[in-house]
Amino acid sequence: MVRAVTLIRSATLSDVAEYAYAATAPAESRLIFLAGACPLNDDGSTAAVGDYAGQAAKAVENMRTALAAAGASLQDVISTRVLVASARREDLVAAWEVVRDAFGAHDVPSTLMGVTVLGYDDQLVEIEAVAAVLDS
C-alpha cells in the first residue's frame, strides 16, 4: 500500500528525539484532522483514572478508531500533539512512551506538552493528530 506521509530527518539535528523532525504529504492527499483523542470509555466515563500510561493507551485506542472511521490508520498520521495534565516530567514521559510505542517505526513529528487541566473529569492525557491518505 502506498502511503501519503513521508517522514523527514535531518543529519544536522540531534538524533536524541524519538520522532522525525518533519513530515510531508503530496498535494493530492486527503488530510484528516482529528479532534483530541481522549481516554473515554464507550459509556463516556474516563478510563484508567490516575494512570498516565493507561490513559495514553486508551487515547491511542480511541484515535485508532477515529482514524479507521476516516479510512486511515496510525501509519497515515503526519503529526501529533500529546497533552498531559501534569507539571512532572516523569508523567509526561509515561504518556509519551505509550504513544511512541504505538507508532513504532512510524515516528511522526510530535509535540509533548504539560498542561494545567484537560476537559473531562479525571482526564490526564489527550492526543491530537493530523493524517494524510491517498485515495486511489
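**Close-up views of a predicted model**

**View 1. Glu-18, Thr-80, Trp-96, Val-99, Arg-100, Phe-103, Gly-104, His-106, Asp-107, Val-108 and Ser-110 line the largest cavity.** This is a predicted model, so to speak of local features takes pLDDT of at least 70 and to count side-chain atom pairs takes pLDDT 80 or more, while totals for chains, interfaces and linings use all residues. Residues are numbered from 1 along each chain as its sequence is written, and side-chain values use heavy atoms, with hydrogens and water left out. A cavity is a set of points, on a 1 Å grid over the protein atoms alone, where a 1.4 Å probe fits but cannot get out, and lining residues have an atom within 4 Å of a point. Searching the whole structure turns up one cavity of 30 Å³ or more, and the largest cavity holds about 50 Å³ of space. (Volume here is the space filled by probe spheres set on the points, with grid points joined across faces, edges and corners.) Helix α2 gives the largest share of this lining, four residues; helices (H or I, at least four residues) and strands (E, at least two) are DSSP runs numbered from the N terminus. Sorted by class, the cavity lining has four nonpolar, four polar and three charged residues. (Ala, Val, Leu, Ile, Met, Phe, Trp, Tyr, Cys and Pro count as nonpolar, Asp, Glu, Lys and Arg as charged, and the others, Gly among them, as polar.)

**View 2. The largest pocket has a volume of about 250 Å³.** A pocket is an open set of points with protein on both sides within 12 Å along at least five of seven lines. Among the residues lining this one are Tyr-19, Arg-89, Trp-96, Glu-97 and Leu-112. The pocket lining splits into six nonpolar, two polar and four charged residues.

**View 3. Helix α1 (residues 52–69) packs with helix α2 (residues 89–103) at about 35 degrees, their axes 8 Å apart.** Axes are lines fitted to C-alpha atoms, for helices over the stretch in contact, and angles run from 0 to 180 degrees between N-to-C directions. Residues making the contact (heavy atoms within 4.5 Å) include Ala-56, Val-60 and Met-63 of α1 and Ala-95, Val-98 and Phe-103 of α2. By class, the α1–α2 contact counts twelve nonpolar, no polar and two charged residues.

**View 4. Four strands make an open, mixed sheet in the order β3-β6-β4-β5.** Strands pair if DSSP finds at least two bridges between them. At the edges sit β3 (30–37) and β5 (110–115), each pairing on one side only. From one strand to the next, the twist averages 10 degrees. β3 and β6 (residues 125–133) run antiparallel and share six bridges; Phe-33 has Val-130 of β6 as its bridge partner.

**View 5. α1 lies across β3, β4 (77–85) and β6, at about 30 degrees to β6.** α2 lies across β4, β5 and β6, running at about 155 degrees to β4.
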